[in-house]
Amino acid sequence: MSVQRYAVVGGGIIGAAVARRLLEVRPDVQVTLVEKEDRLAAHQTGRNSGVVHAGLYYQPGSLKATLCRRGVGLLKDFCAEKGLPYDEVGKVLVALDAEEQRRLDDIADRARVNGVPGVRVIDRDELHALEPHVTGIAGLHSPTTAIVDYVGITEQLAADAQARGATVRTGFPVTGLEHTGGAADGEVVVRGASGEEVVADRVVLCAGLQVDRLAVLAGDGDAPRIVPFRGEYYKLAPERRTLVNGLVYPVPDPRYPFLGVHLTPRFDGEVLIGPNAVLALAREGYRRRDVSARDLAEIVRYAGFRRFAAEHWRTGIGEMRGSLSKHAFVAAARRYVPELRTADVVPAAAGIRAQALEADGSLVDDFRITRTGSVVAVRNAPSPAATSSLAIAEHLVDLLLPAAA
Ligand SMILES: Cc1cc2nc3c(=O)[nH]c(=O)nc-3n(C[C@H](O)[C@H](O)[C@H](O)COP(=O)(O)OP(=O)(O)OC[C@H]3O[C@@H](n4cnc5c(N)ncnc54)[C@H](O)[C@@H]3O)c2cc1C
C-alpha cells in the first residue's frame with residue numbers, strides 16, 4: 001500500500017499541532033506543513049494574550065469546554081517536557097456591583113461542571129489580598145489559569161513534527177486546491193501562488209483568518225464566513241507592572257462574553273491591557289488605517305454580517321470609542337484598577353480574531369470542523385483555541401485517520 005500523504009495548510013499553533021499529532025499517531029505517513037508567511041505563528045497565534053484559559057465559561061459538553069480542559073493538561077505537560085514557560089499566575093473575575101456578584105456563583109457552578117480545579121468565589125478581603133491595587137466587592141478566583149509563550153510553543157511543535165519527518169514550507173501561500181480525477185475524496189493538488197505544489201491524499205485547512213476562502217475552494221459550503229475583529233492592546237509602563245499580580249478580568253456580560261478589557265501579565269514580564277473588539281477593515285490589517293478593498297467588500301456583501309451589524313451596532317460604537325480614544329480605553333480598565341492613569345500605558349501590537357459568522361447573523365460560538373471528502377477545515381477556532389490546540393489536534397486526527405487508514 002502506498003504511503004498516505006497529508007498536507008496541513010497554515011502554520012499557526014493548530015496547524016503545527018496537527019502536523020505533529022499526525023506523525024505521533026502514524027509515524028509512517030508523509031506530512032507537509034505549508035505556511036504563507038516567512039515564519040510560523042505570524043497571525044492570531046503570535047498576536048494574542050498568551051493565556052491558558054482554565055475553561056470557566058464554556059457551555060458544558062461543547063467542544064470548547066471539553067477540548068479546553070484536555071488542552072490545558074496537554075499544554076502543561078508539553079511545556080514541562082520542553083522547558084518552555086508555563087506560569088500559573090491565576091485569574092480573578094472582579095465584581096463591581098451586586099448584579100455582577102450574583103453572576104459569579106453561576107460562573108463558579110459552570111466551572112465546576114467543566115472540571116476546572118480550585119475555582120472559588122472570594123470576598124472583598126480575599127480579593128484585596130490577591131490583588132492589592134484592584135477594587136471590587138467580590139471576585140472569582142481561578143488559581144490554575146496560566147500564561148505561556150504561544151510562538152515558542154508553535155515553533156517547538158513544528159520542530160517536533162520535523163524531527164518525526166514532516167516537511168515545513170514557509171513562504172507558500174496556497175491559492176488553489178484541486179481534486180484530481182474529480183473524486184471529492186481522492187488526491188488533492190495544493191497549489192501555491194508561484195506555481196509550487198504539494199500533492200496529498202488528505203488536506204487539513206488550519207488557515208485562521210483565511211480559512212473560509214480555502215474551504216470554499218475545496219468545495220465546502222459558503223457559510224460560515226470569517227469576519228475579522230481587531231483586538232487592540234495597550235501595555236503598562238515598566239514601572240507600573242506591579243499594579244497586578246495575576247490576570248484581572250471583568251465579569252463577562254452573558255450577551256458579549258468575549259468583550260471587556262482586562263489586565264494580563266505576559267510570560268516576558270509585560271502587562272497587557274485589552275483587547276477590545278472592533279471590526280477590522282482588512283483581515284490582516286493590524287493598524288486602524290489598514291483597509292483591504294476585497295476584504296471590506298466581502299464583509300459588506302455578506303448577508304450574515306449585515307444581520308449581525310443591525311443587531312449589535314450599539315455595542316460596536318462603544319468599542320469604537322475605546323478604539324479611538326486612549327482615555328476611554330484606560331477609563332474602562334480604571335474601573336478595576338483606580339490608580340491607573342492614561343500616562344501609565346503605551347500602545348502595544350494588536351491582534352485580529354478570526355470569528356466565523358453564520359448566514360443568519362449569529363456568531364459561531366463553538367469550535368467548528370468540517371469535512372468535504374479529502375479536505376478537513378477548521379472553520380471556527382477563536383479563543384480558547386490556542387489553549388485547546390493540542391486537544392483540537394487529537395480530535396481532528398481522530399476524525400481523519402480511520403477514514404484515511
Ligand atoms: C487578540 C486575540 C487574543 C487572544 N487571546 C487568546 C488567549 O489568551 N488564549 C487562547 O487560548 N486563545 C487566544 N486567542 C485565540 C487564539 O490566538 C487562536 O484561537 C489561535 O491562535 C488559532 O490558531 P490557528 O492556528 O487556527 O490560527 P493562526 O495563528 O491565525 O494561524 C493560521 C495560519 O494560516 C496561515 N495561512 C492563512 N492563509 C493561508 C494560505 N492561503 N496559505 C498558507 N498559509 C495560510 C496564516 O499565515 C497563519 O499563520 C486570541 C486571539 C486574538 C486575536
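I take buried to mean under 20% relative accessible area, exposed over 50%, and partly exposed in between, with a 1.4 Å probe and protein chains only. On that scale I put Ala41 among the buried residues, because its relative accessibility is 7%.

**Entry: the model.** I am working from a predicted model, in which local features need pLDDT of at least 70, side-chain atom pairs count only at pLDDT 80 or more, and totals for chains, interfaces and linings use all residues. I number residues from 1 along each chain as its sequence is written, and side-chain values use heavy atoms, with hydrogens and water left out.

Entry: I looked up the backbone of Ala41 and found phi near 60°, a positive value in a residue other than glycine. Ala41 sits in the loop between β2 (30–34) and β3 (51–52); helices (H or I, at least four residues) and strands (E, at least two) are DSSP runs, numbered from the N terminus. Gly12 belongs to the loop between β1 (5–9) and α1. I note Gly12 as buried, at a relative accessible area of 18%. Which residues does Gly12 contact, leaving aside its neighbours within four places in sequence? I list Glu35, Ala41, Thr45 and Thr154, where contact means heavy atoms within 4.5 Å. From Gly12 to Phe267 I count 255 residues in sequence and 19 Å in space, C-alpha to C-alpha.

**Entry: domains.** I find 16 residues of domain 1 in contact with 14 residues of domain 2.

**Entry: cores.** For a nonpolar core I use a set of buried Ala, Val, Leu, Ile, Met, Phe, Trp, Tyr and Cys residues joined through side-chain atoms within 4.5 Å. The largest one holds 66 residues, and Val18, Val31, Leu56, Leu93 and Ile153 have the most contacts inside it. Helix α10 (residues 385–404) gives the largest share of this core, 10 residues. At least three residues of this core come from each of domain 1 and domain 2. Another core lies apart from it, with 27 residues, including Val9, Val188, Val211 and Leu214.

I then looked up Leu56, leaving aside neighbours within four places in sequence. Its contacts are Lys91, Leu93, Ile107, Arg110, Ala111, Asn114, Val116, Val119, Leu140 and Ser142.

**Entry: Leu396.** I place Leu396 in helix α10. Leu396 is buried, with 1% relative accessible area. Not counting residues up to four places away in sequence, Leu396 touches Val18, Val204, Ile369, Val376 and Val378. Leu396 and His262 lie 134 residues apart in sequence and 32 Å apart in space, C-alpha to C-alpha.

**Entry: helix packing.** How do α1 and α5 pack, by angle and by distance between axes? Helix α1 (residues 13–25) and helix α5 (residues 150–163) have axes 8 Å apart, at an angle of about 30°. I take axes as lines fitted to C-alpha atoms, for helices over the stretch in contact, with angles from 0 to 180 degrees between N-to-C directions. Angles under 35 degrees count as roughly parallel, over 145 as roughly antiparallel, 65 to 115 as roughly perpendicular and the rest as oblique. I therefore record α1 and α5 as roughly parallel. On the α1 side Ile13, Ala16, Ala17, Ala19, Arg20 and Leu23 meet Tyr150, Ile153, Thr154, Leu157, Ala158, Asp160 and Ala161 of α5.

Next I checked helix α2 (residues 63–82) against α5: the axes come within 11 Å and cross at roughly 75°.

**Entry: Ile147.** I find Ile147 in strand β8 (residues 146–148), and Ile147 is buried at 3% relative accessible area. Apart from neighbours within four places in sequence, Ile147 contacts Gly50, Pro85, Tyr86, Asp87, Val89, Leu247, Pro265, Arg266 and Phe267.

**Entry: cis bonds.** The peptide bond from Ala223 to Pro224 is cis, with omega near 0°, and Pro224 lies in the loop between α6 (211–217) and β14 (225–236). I also note a cis peptide bond between Ser383 and Pro384, with omega about 10°. Pro384 is in the loop between β21 (375–380) and α10.

Notes: Domain bounds come from an automatic or database domain assignment.
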